[in-house]
Amino acid sequence: MYVFLNDMLVPEPEARVSVYDHGFLYGDGVYETMRAYGGIVFMLDEHIGRLGRSAGFIKLNIPERDFIRATVYKTIAANKLSDAYIRITVSRGKGPVGLDPELCGETTYVVIAREFSPYPKSYYRDGTKLILAKTRRNLIGAINPKIKSLNFLNNILARIEAKERGAHEAIMLNAEGLIAEGTVSNLFFVREGVLCTPSEETGILDGITRGIIISLAKRNGIDLEEGMFRPADLLSATEVFFTNTTSEVMPVSRVDDVKYGIG
Ligand code: PDD
């Protein structure tokens with residue numbers, strides 16, 4: 001496999017990043033995950049836009065949009081991929097230890113791509129099991145969840161809880177106990193015929209798949225509420241699903257001990 005590293009494609013074993021890279025030392029950087037269908041990257045401009053917004057939050061310079069576009073397609077072509085998983089990572093780069101971003105010279109820019117391995121069909125047919133995690137989502141005023149950063153420990157802690165309890169995904173509440181989002185996904189549920197999803201103010205990533213679902217709901221006249229919800233609101237839901245780039249729309253058959261029908 002080939003990896004795009006900084007300014008060129010290199011074979012994967014040669015794609016090495018310094019142990020002094022601040023992405024490695026401090027999680028100082030941002031990333032995006034994308035999917036290609038038949039060689040076309042879905043919502044590429046939206047993903048580049050969000051990468052830019054994440055980078056803006058942490059005052060990180062990222063390459064120009066055209067460069068990113070071109071390198072994504074070069075990486076797909078070099079690996080002869082059609083249905084692919086693609087990830088762009090930009091870190092602060094190599095520098096001496098210390099938190100000051102100015103210690104680093106050039107940012108590190110990486111594009112990796114591999115064939116997309118789909119989730120089991122049974123997940124879509126029978127639904128998935130979710131838990132409500134004890135780990136709370138990062139505060140907007142601490143590490144804003146809108147930043148898709150390399151610092152993913154908050155999500156990893158909740159994912160460990162999910163794994164320990166045999167679940168596919170964990171729902172995280174914010175500090176006030178309102179439903180926020182999954183560890184790598186946004187949550188939707190249907191209650192009294194209304195499609196509900198936590199509003200951005202709860203402190204979530206503005207998922208690109210979430211945005212598509214919201215615009216499809218609006219276009220199709222489906223009642224939608226982007227709101228503030230508590231776990232009790234999930235009890236009266238008739239349908240639950242989560243969304244992200246890799247899973248698309250994934251039905252949920254259980255949250256903790258509560259069962260749901262598959263829509
Ligand atoms: N994760 N919320 C979080 C915390 C996420 O990490 C993601 C995406 C989403 C959904 O966003 P989108 O619809 O744009 O994929 C919501 C990706 C898949 C990842 O981390 O690889």
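Q: Leaving aside its neighbours within four places in sequence, which residues is Ser247 in contact with?
A: One thing to keep in mind first: this is a predicted model. Contact is about heavy atoms lying within 4.5 Å of each other. Once you skip the neighbours within four places in sequence, Ser247 is in contact with Tyr119, Tyr124 and Phe242.

Q: And where is Ser247 found?
A: Look at the loop between E13 and strand E14 (248-255), and you'll find Ser247 there.

Q: Is Ser247 buried or exposed?
A: The cut-off to remember is that buried means under 20% relative accessible area. Ser247 counts as buried because its relative accessibility is 3%.

Q: Let's move on to pockets. What volume does the largest pocket have?
A: A pocket is an open set of points, whereas a probe in a cavity cannot get out. Here the largest pocket has a volume of about 670 Å³. It is lined by 38 residues, and the closest to its centre are Tyr119, Val184, Ser185, Asn244 and Thr246.

Q: Which elements each supply at least two residues of that lining?
A: On the strand side you have E3 (29-37), E5 (84-91), E9 (179-182) and E13 (239-244). Domain 1 (2-115) and domain 2 (121-259) each give at least three residues to the lining of the largest pocket.

Q: How do the residues of the largest pocket's lining divide by class?
A: You get 13 nonpolar, 16 polar and nine charged residues there.

Q: What about the second largest pocket: what is its volume?
A: That one comes to about 300 Å³. Its lining has 18 residues, with Ala15, Val17, Thr89, Thr108 and Val110 the closest to the centre. Strand E1 (2-5), helix H1 (22-26), E5 and strand E6 (108-115) each give two or more residues to this lining. The largest share, four residues, comes from E6. By class, the second largest pocket's lining has eleven nonpolar, four polar and three charged residues.

Q: How many cavities of 30 Å³ or more does a search of the whole structure find?
A: The search finds one. The largest cavity has a volume of about 50 Å³.

Definitions and conventions: Residues numbered from 1 in each chain as written. Predicted model: local features only at pLDDT ≥ 70, side-chain atom pairs only at ≥ 80, totals over all residues. Heavy atoms only, no water. 1 Å grid on protein atoms, 1.4 Å probe; cavity = no way out; pocket = protein on both sides within 12 Å on 5 of 7 lines; lining within 4 Å. Points joined across faces, edges and corners; volume = space filled by probe spheres on them. Nonpolar A, V, L, I, M, F, W, Y, C, P; charged D, E, K, R; others polar. Domains from an automatic or database assignment. Buried < 20%, exposed > 50% of the residue type's maximum accessible area, 1.4 Å probe, protein only.
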